[in-house]
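Reader: Please show the sequence and structure, and then take the questions in turn.

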Amino acid sequence: MRAVELRRGSYVDSVSLMQVSRRVSGLEGVRSAVVAMATDLNLDLAAGLGFEVPPASPNEMLVAVDAASADVLDAALAEVDTALGESARPQASGFGDAPAPVTVRAAAARTQATVALISTPGQYAFADAVDAVDAGLHTMVFSDNVPLEQEVALKDRAAAAGVLVMGPDCGTAVLGGVGLGFANVVRPGPVGIVAASGTGAQQLMTLLDGAGVGVSHCLGVGGRDLSATVAGRSTRQALDLLDEDEATSLVVVVSKPPEPSVAVAVREHAAGLATPVLFALLGPGEPDLTTTAATVVAAAGGTWAAPEHWTGAVGSGRRAGALRGLFAGGTLCDEAMLLASAALGPVRSNIPLDPSWALGDDLASVGHTMIDFGDDRLTRGRPHPMIDGSQRVQRLLAEVEDPTTGVLLLDVVLGLNAAPDPASELAGPLHAATAAGIPVVTSLAGTRDDPQGLREQAARLNEAGAWVFLSNAAAARCAVELTGPSGGDG
Amino acid sequence: MSLGTPSVVVTAGAAMFADALALQGVGVSAVQWQPPAGDPASVAAVMGDPRRAAANARALEAMLGAQAHLVDVLPAAEALGLERGQFLHAGPPVEWERASGPLRGALIGAMLFEGLADSPASAEQALAAGAGVGWEPCHSRGAVGPMAGVVSPSMWMFCLRDEANGTTSWCSLNEGLGKVLRYGAYDEEVLSRLRWMSDVLGPLLQQAVRGQEPVDVRAVISQMVQMGDEGHNRNRAGTLMFLREVLPALIDSGRPSADVAAAVRFVAGNDHFFLNLVMPACKLQTAAAAGIPGSSVVTVMARNGTDFGIQTAGTGDTWFTAPANTPEGLFLGAFGPEDANPDIGDSAITETAGLGGLSMATAPAIVRFVGGAVPDALATTQRMYDITVGENPAFAIPILEFRGAPTGIDVTSVVRSGVLPQINTGMAGRVAGTGQVGAGLVTPPMACFTQALDALAGSVLRS
């Protein structure tokens, strides 16, 4: 028994709607449920589940439920209403209270805000970010799929206004101890981080925190900031701000290899600052993030010890299989591919190190394969894998079924806004993998103060059969070793 | 701006980020966000237009600097050079075939009043044929007219000057409520009142106004806003203050005391008399912002009973029109929603200038008349600050701690938020000849704003 409704005049963000969908899908007797804004992608999704979808606009909400009986259907629709009611923000109710602001400009005007966090869908994010910049706010743009020319225009506007644009597609920032987006809870300290990579920054700050070295600010600049087109606009702005900042005595720039001409310009800019600047540029022949962390700890006067790991029995089967890496963090995926390809040869990917190593559009694994589930193409219309790991869990189970899979490599990133208990979500598939004789190696980026609990997550993953490393580089090296030189077909 | 630990963060988008900030003890100002109502490419183009912020600031400054003095009262033929057979009307241009009942009724009445027809039927025939008659929007002459807004050459008009900008605006004299020409009624009662207004009231007011310093209409508005008038559906304090301004001169006019008494009784008995002075004052204010390239501020909102039309500072005198909505509210006597005509009149110039529905918070006395409650009025005005570029300190609203009226409706904010300007309005009968049937609230159609935004986006490409 199916019901399909379109509701007008009620917008709810995709993360909240995903939670509503899950809650309703979980009811006894409900075969499937889609509660989502009626974007083309979500309409296709519903159609794929067998619903007859009427024409709709993205401003309408699609509610589609397939239930075993009419009673269950009614109960499910009632549950949709309840869940939506709970996800709605409370409205001002006091006499004469102002209603909730409807634009960023209005929100800024009502408070003493100094920072904005924009996570609206990518095609709209520019307008909201312009509003924030015009209001004089440092602006983090979490949204991805923002056109490149809009990024350049936004950053030029910000430079004129004397504020910083973090992003677009900036997942991580820490401002004076306040975490924005996916951020780990780190101790305060002298290290300022400028990051063109969110998970790269998270790896660095968690390793620093583990070594007792704290962070003043971590300023994300967006993955394209050091490209030829964007030319380091935000990186230079961030360097200047950290140079002026009293709490910062050492700056680290974390990025994938930048456009060479941009790298030269940024290094020249950094050389002119009073604060020393270290560059951690992930690439062939460059130190990995863990090595960089050790360098930073030494420079900050701390004591470095190798990050912890937890291993166990080695799986017995699939000795000739290929290495399969499934990542939530793009930079962690990159780092693992650099280490793996140096030892094993080509690693196919949706974010390949070499264009000839690109996977097909179906992303089917070929030999050694690593997939970044946080890539723009996989997050369009759905939450980031660090929030919703279901896509990766499905792929993990498929890799276990694939007879060519030899070793599995995963990352787990903890911190604010990440899934509340990723280890438990992975436990079942991890058991399945180890039962099939496939060793699983997991990197785990987190701090003792992260809400998920670093040690609890490590223990849970390890109990499920995974070897766990706090260093992503160490995890990748271990996975390469377990794979052996004969794995895969190149 | 230097780095530091933020105490408040503005969030727009996923609610989880706001929650995570709140858990860290950081204040959150969460935007109640929804996808823009218009083309995302147009939104981006106009938001990214480097001219926009400065142009809108200029538009606001121009509006706040405008003046409005009543300098004369005279027939439309003299004031505007309106010739026999020429009429003005409210809203954007409209041809007879698409004209609404009240506009047709008012044009019929004007034909009869001018002696251009001897019966409603022959008037209608001539108007339909366009034989020797024509009509154009009041706004095309810098004038404004409430409801049908029909002006004929013999009707007398207030003439207001903005010396700061060297501009002039005009509006007819208000006839009162009920069966009146502006609501589309044209029977003998209506026509005889119009004749008395031309023969007695107009000349009396002319003599009074010419015989003294120009009345500072803007100063009266400032006071009325603090006395419970929002300047659109409530003009009681303004009307009485205006009477106070001209009464000595009326008494000194030397005209027959019966005429003076009748005029005073007429003005004092019509709480909306001053609306026809608020409107041209608002027109002078918004006209001051016209013609500023790159500005997304609305300079005209007007309706003809069929279409709603807007103009913006950055797009010249181009109308962006869409079918007008029908107001919701309370009805007079036995009238009901089926009797109401779609939204009509140039009186939304008051909202364009920050008064009327935008300043609803200052007029709690009429919230029930337009079908609301006092908290709704306070919330409405506070929401209007979100879609306007600034505040007018001259129109200070006591209940909001003397905050200025929300001024300068911004097309980008309207399209992005989906929040439309709130308009307080009267309701005309759908059928020509009926008159007023009620009053209530209405909003413009969003399509006016999305079209304006597209045009502004086009101007970015050409700039």
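Author: Two residues are in contact if their C-beta atoms, placed from the backbone, lie within 7 Å. This is a predicted model, in which local features need pLDDT of at least 70, side-chain atom pairs count only at pLDDT 80 or more, and totals for chains, interfaces and linings use all residues. Residues are numbered from 1 along each chain as its sequence is written, with chains lettered from A and ligands numbered from 1 in the order in which they are written.

Reader: What share of the contacts in chain B with a separation of 6 or more is between residues 24 or more positions apart?

Author: The count takes contacts in chain B with a separation of 6 or more. Of these, the part from residues 24 or more positions apart is 73%.

Reader: What percentage of the residues in chain B is buried?

Author: A residue is buried if 20 or more other C-beta atoms lie within 10 Å of its own, exposed if 12 or fewer, and partly exposed in between, with C-beta atoms placed from the backbone. Among the 463 residues of chain B, the buried share is 62%.

Reader: What is the radius of gyration of chain B?

Author: The radius is taken over C-alpha atoms, and the globule rule is 2.2 Å times the number of residues to the power 0.38. For 463 residues a compact globule would come near 23 Å, and chain B agrees with this at 22 Å.

Reader: In which order do the strands of the sheet in chain A lie?

Author: Strands (E, at least two residues) are DSSP runs numbered from the N terminus, and two of them pair if DSSP finds at least two bridges between them. The open sheet has 3 strands with antiparallel pairing, in the order 1-3-2.

Note on methods
Helices (H or I, at least four residues) and strands (E, at least two) are DSSP runs, numbered from the N terminus.
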